[in-house]
Amino acid sequence: MAVDKVITNTSIVTMGPAKNVIKKGFVAIDGNKIVDVDCITKFKKPPSAKIRIEAKGMVTLPGLINTHVHLYQNFLKGMQGASSLVEWCDKGLFPFVRIMKDPKFKKLGIGYHASLMACLEMIKSGTTCCAAFDFDPGVPKAIEESRMRAIFMPFLADQWAPKDLLLEREKRLKETELLLEKWHDPESRIRCMVALAAPFICSDELMLEAKKIADKFGVGLAMHILETQYEARVASETYGKKVLEHLEEIKLLNEKFLAIHCVWVDDNDIQIMKEHDVKVSHNPESNMRLASGVAPVPKMLSKGLTVGLATDGAASNDNLDMFEAMRAALMLHRVTTLDPSIISPQKVLEMATIDAAKTLGLDREIGSIEIGKNADLTIVDMRKPHLQPVWDLVSNLVLCANGADVDTVIVDGEILMKRRKLTRLNESDVMSKSLEIMKRIEICKGV
Ligand SMILES: [Zn+2]
């Protein structure tokens with residue numbers, strides 16, 4: 001019997017438990033599941049299929065998973081060239097959020113259109129799933145239209161930010177609950193977690209209420225943790241102790257807690273995170289862009305923490321290309337430790353696939369190419385000068401490839417891009433509407 005789709009004559013980087021690479025293989029997809037994956041031999045042929053994707057000279061890998069991104073920031077790429085986090089918030093982020101909330105501009109749907117553009121960019125660069133740490137209700141709407149997989153994380157804050165941008169606490173909590181009711185569906189491509197902006201931006205009361213909502217829906221919490229030295233300083237002034245000690249004390253930490261950045265964690269913090277099986281999202285390019293510091297990822301890995309990779313939002317990274325994030329992570333930790341063996345291409349690819357899936361609680365469904373898993377796949381065309389010759393497939397993917405090398409993207413068994421043509425989103429429409437909005441709000445100079 002024919003299956004729905006088969007990718008044939010492809011190399012396959014499975015990222016499964018055996019970490020094997022299959023040369024000249026096939027992946028068979030029926031409905032939204034991977035139903036077979038193997039080498040093509042004279043004894044084993046690909047099954048017949050309604051749609052056959054010829055992938056000679058290409059490599060199929062699990063769809064890349066971006067564990068931290070702010071889709072609403074997608075119109076802010078290239079802004080504020082030289083700012084640290086606090087100045088970047090004051091001069092870039094807050095004025096933009098003010099525009100988004102301004103009744104005059106509200107009907108433009110800035111968050112929705114910025115998110116569509118972000119989804120376009122992610123699909124075109126091989127990302128099939130993202131963790132969207134956002135607040136605008138237009139964000140999940142855009143994700144749904146794009147047909148990407150996502151964990152939508154509506155975020156909460158009740159202090160530090162300018163008063164006019166902070167909603168009253170009860171109102172914000174209610175809104176969050178309504179967003180989870182609307183969008184969290186464990187059976188669908190979009191699920192939710194509850195996000196807290198950062199310890200210095202959230203009161204204890206807010207954090208505890210957020211935990212109640214997360215528990216009610218059976219989901220995890222996500223929070224920016226120790227991104228900058230500033231945060232570490234504010235925490236010791238506020239709590240009289242370190243951030244993670246405080247979060248442990250108020251019982252916020254567990255295996256579903258996603259700690260984003262973790263740049264300024266020390267050995268004791270890593271120990272606390274390990275004890276509670278806290279997951280980590282690593283954002284190397286954003287941390288470099290804002291000069292925040294270098295997260296001690298090799299140390300976290302050596303202590304057994306699960307670390308997923310991320311780009312962060314376009315306002316602090318400027319692109320959402322996970323291939324670039326992989327290469328940056330590898331380079332950053334090698335040069336910082338002066339040890340070229342400290343992190344391998346295999347490990348950073350794990351951090352963008354199977355380990356990323358673990359950080360979001362999705363590893364039983366995605367993150368590797370195995371029979372029974374959901375068919376979230378990225379096919380990279382290796383027939384290009386900058387990708388040849390191939391010494392080692394994984395090394396070439398991490399060290400040589402970029403998002404523009406992605407040929408085809410499949411999410412949940414559905415082709416979202418084939419031969420670089422989007423099937424769900426209309427690329428020129430998304431682009432022209434976005435540019436029109438940018439012109440209306442007059443915050444960027446244009447080409
Ligand atoms: Zn962030």
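Buried here means under 20% relative accessible area, exposed over 50%, and partly exposed in between (1.4 Å probe, protein chains only). This is a predicted model, where local features need pLDDT of at least 70 and side-chain atom pairs count only at pLDDT 80 or more, while totals for chains, interfaces and linings use all residues. Residues are numbered from 1 along each chain as its sequence is written, and side-chain values use heavy atoms, with hydrogens and water left out.

View 1. Helices are DSSP runs (H or I, at least four residues), numbered from the N terminus. Val 430, Ser 434, Ile 437, Met 438 and Ile 441 are the ones to look for, as they are buried in α17. They sit on the same side of the helix, because they cover an arc of only 100° around the axis (taken from the directions from the helix axis to the C-beta atoms).

View 2. An automatic or database domain assignment sets the bounds: domain 1 is 3-63 + 368-420 and domain 2 is 64-359. Between them the two bury about 2,300 Å², 64% of it on carbon and sulfur atoms. Met 15, Val 398 and Leu 399 supply 25% of the area that domain 1 buries against domain 2, more than any other three residues. Buried area is the accessible area (1.4 Å probe) that two parts lose on being put together, summed over both.

**View 3. Salt bridges across and around the domains.** The rule is a side-chain nitrogen of Lys or Arg within 4 Å of a carboxyl oxygen of Asp or Glu. Five salt bridges are counted between domain 1 and domain 2. Arg 189 and Asp 412 pair up at 3.7 Å, N to O, and both belong to a salt-bridge network that also links Arg 147, Arg 149, Asp 376, Glu 414 and Arg 424.

**View 4. Lysines and their partners on α6.** Glu 177 and Lys 216 meet in a salt bridge at 2.5 Å, N to O. Glu 177 lies in α5 (residues 169-183) and Lys 216 in α6 (residues 204-217), so the pair ties together parts 39 residues apart in sequence. Glu 177 counts as buried at 17% relative accessibility, whereas Lys 216 counts as exposed at 53%. Also in α6, Asp 215 and Lys 211 are four residues apart, about one turn of the helix, and their closest N and O atoms are 3.0 Å apart in a salt bridge.

Conventions. Helices (H or I, at least four residues) and strands (E, at least two) are DSSP runs, numbered from the N terminus.
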